[in-house]
Amino acid sequence: MDQCSHTSAELITMLQRQLASEVAESERQKDHNRRQLAEERAQLEESRQKLQDEVFQERAQLARHRQRLEEGVEKELTELRHRLREELADERALLSSQRAQLVEIRQKLQEDVLQERAQLARHRQVLQEDAEKELAEMRQNLQDQFSVERAQLSIQRQKLEETAAEKNAELLRDRLQLEENRKAFSDECARMQALTHPGDIVEINAGGKVFTTERNTLTRYPESLLGILFNGRWESSVAKDKEGRVFLDVNPTLFENAFEMLRKKAIGRREIPCSVPTMTPEDKADFEDLAMYLGVADVLLMEPLASFEFNFLRGVVATRQGKGVKSTATHSNFDSCAVGATVLPAVCQWNVKIHALRNNFWVHLGVIHNRSPGRACNNDPTCYGFACLDQTYQAGVITPKPGWSGFCAGDEVSFELNSIAGTLTMTHWGTNFRLTGMPTSASWRVYASLYGEGDEIEVIPLRTSEEL
């Protein structure tokens, strides 16, 4: 028990000595650290003092540099201000000099203007005096000329009155002669009717072949060769065969075709064209020559338009109307026109219906060779047709047509083209109007020119007798 207590006391003593040693060592370490810290503080204080000295020196240098800069800037500003004042003084002196020069120039210009005005006034006065003198001379000359022309016109008027009196006397004589001729013609027609009858049976020897028909079949077209030969006036003076039949030296086969077509026309409606029989190109050319020789080309060679189209339109719209085509003007302009798509046959016929015509003013219907005419389409040199009152177009030139009253809304007219004879015939309310002298080598197309907005016409193809 005592031994254990002794051991514990020793252990405690040893621990105390160790703890005291550690504490002494810790104190020594603290003292060492304090000394190091004091040394570092002294160094820092020395560095801080040194930095403060350097800062003070830098501030002094900056102050001195700033002072020098301010002194230099002030000096430069003073010099610049002095130069600017000198330049401004020079500019003011120059401007004063220029102002004096401008005043002199202005004074001189004013003097020149006054001189020019005086000269212009004198020149104007001279011109007015000359003009008044010339006008007086011209007035006198015109009065003299007017007096002379008035005297000449009086003489011409007197001569015209004398000529008119002579013409009236001639017209009176011609009228009396015409009345006598008309009476003689009426007497001769009465004698012819007494000798002939429309129902008479006549025979024709055409190239050796005999044809028999009624007289009215041959005289249906009085201006044709057959109509003249068999109207009773010349029948006795023409060539005849040994049987006393009228003899025609023509191809009997071709004459038979023509004869049959005339018979169809006599039986059917006169205004409906007959179709030409199928022939070789050579026979067709000979048939056309025969038709021209007999004077019935307009009748036998007439081809209806089976259908129709416009292919050139300006200011016009076209709409299909059965076989026909309606054309309506979209605005008011003399340049509006429509041209047919196909070339017309040499001899053909078509109708035109006028559905609308504003104020019954103006429309131009006919044919044209140019498939795409320019702006002045009605004056195209290949244009032929009928327009307003007493007005037709021939080769694009307005030509008076006495008796032609113009178109109205609701009119339906018939056109017949004979390019072989160079004619265009229009039938308007039973009256025929014809244009002649057209080129026979042209390729004609239907032509229409509308003026008023909303004006409307319809080209109507015809039907053949076979279609009827």
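The following legends describe close-up views of a predicted model. Local features require pLDDT of at least 70 and side-chain atom pairs count only at pLDDT 80 or more, while totals for chains, interfaces and linings use all residues. Residues are numbered from 1 along each chain as its sequence is written, and side-chain values use heavy atoms, with hydrogens and water left out.

**View 1. The open sheet of three strands has the order β2-β1-β3 and mixed pairing.** Strands (E, at least two residues) and helices (H or I, at least four residues) are DSSP runs numbered from the N terminus; two strands pair if DSSP finds at least two bridges between them. The edge strands, β2 (209-214) and β3 (246-248), each pair on one side only. On average, neighbouring strands are turned by 30 degrees against each other, direction ignored.

**View 2. Strands β1 and β2 run antiparallel.** Six bridges join β1 (residues 201-206) to β2. Asn205 stands opposite Val210 in β2.

**View 3. Helix α4 lies across β1, β2 and β3.** This helix comprises residues 252-267 and runs at about 10 degrees to β2. Axes are lines fitted to C-alpha atoms, for helices over the stretch in contact (heavy atoms within 4.5 Å), and angles run from 0 to 180 degrees between N-to-C directions.

**View 4. The axes of α4 and α5 (residues 281-294) come within 10 Å and cross at roughly 60 degrees.** Leu254, Phe255, Asn257, Ala258 and Met261 in α4 meet Asp283, Asp286, Phe287, Leu290 and Leu294 in α5.
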